Amino acid sequence: MIHTENLTRIFQRKGEPPLTAVENLSIDVRRGEVFGFLGPNGAGKTTTIRMLACLIRPTSGEALVNGYRVGEDNDAIRRSVGILTETPGMYDNLSAAYNLSIFARLYGVDDADAQVEKYLRMLGLWERRHDEVGEFSKGMRQKLALARALIHEPEILFLDEPTAGLDPEAARLVRAFISDLRGQGRTIFLCTHNLDEADRLCDRIAVFKTRLLVVDTPTNLRRKLFGRQVVFHLRALSPGLVDRVMGLPFVHHAESIDNKLLVRLADPETHNPDIIRALVEAGADIQFVGELRYSLEDVYLQLVNTPSTT
């Protein structure tokens, strides 16, 4: 659906050294997935979206969006994508319905009025359709901007910080709406600093810092970086239990913290019963067992703060 190869953008201002915003980016985004694009401020995320949406030219490299080539088929790409910018602009003196109708007609949408009604109702704005957008809250404006991005039924949607600055209720509505869009088979390219949001919504994520660091599912990234750790909560930690567990051939590492035993292994589903059996035979009283789950924030910080990561 989206393919880039060595995509690069360098900004050159008179009297200043060149600034490389995106360097040799090569990614493949699959049809129908939510693809998270994560990175610190200034990493080049918004620049990447602007190149893929044909708003600015790449300095070098290639990109295909929905089968069309960036730089050659720009009009076709613009017709097939929708974009929600971090700070979407609206015509504040016009009504919500009129704002959407302008863009529907610019896109040549058949039955523009029906499309306007469809998305205003879907996003809970129908009762405010005649109100000037300048009177809207930030959350309402964000929902209207999302409706504008979808008014022409694009196959690919670029979302840049879609829930930034929204209250919890509005953010939850937008996240639910994104999940619904994925269920419709749309491809969503999501830039966000909200790592919990990315973890819940994204099928795969790319971590990016001018250069691409890694692309994978959140679950796979956790396991690659930290392995899998199981916590055995004991009534009391007896001497020798750590050594007993470390003697099992499938255990990579074991350590104790208070009355807890932390065990790192590759396949807990297969080997947890063996560990439990060994602990019981050693006289341990097991209260409960759980897997230690690292957050996507742990993964992200490990990647962006490790200079040698590739």
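Visitor: Which residue in β13 is the bridge partner of Gln-229?
Guide: Arg-264 is the bridge partner of Gln-229. Please note that this is a predicted model, in which local features need pLDDT of at least 70 and side-chain atom pairs count only at pLDDT 80 or more, while totals for chains, interfaces and linings use all residues. Residues are numbered from 1 along each chain as its sequence is written, and side-chain values use heavy atoms, without hydrogens and water.

Visitor: Over how many bridges do β11 and β13 pair?
Guide: Strand β11 (residues 228–234) pairs with strand β13 (residues 260–265) over six bridges, in the antiparallel sense. Pairing requires at least two DSSP bridges between two strands, and a strand is a DSSP run of E with at least two residues, whereas a helix is a run of H or I with at least four.

Visitor: What packs on the sheet?
Guide: Helix α10 (residues 268–281) does, touching β11, β12, β13 and β14. Its direction makes about 30° with that of β11. Contact here means heavy atoms within 4.5 Å.

Visitor: And what is the strand order?
Guide: The open sheet of four strands runs β12-β13-β11-β14, with antiparallel pairing. The edge strands, β12 (251–257) and β14 (286–292), each pair on one side only.

Visitor: Changing topic, at what angle do α3 and α5 pack?
Guide: Helix α3 (residues 96–106) and helix α5 (residues 138–150) pack at about 25°, their axes 9 Å apart. Axes are lines fitted to C-alpha atoms, for helices over the stretch in contact, and angles run from 0 to 180 degrees between N-to-C directions.

Visitor: Which residues make that contact?
Guide: Ala-96, Leu-100 and Phe-103 of α3 meet Leu-144, Ala-147 and Arg-148 of α5.
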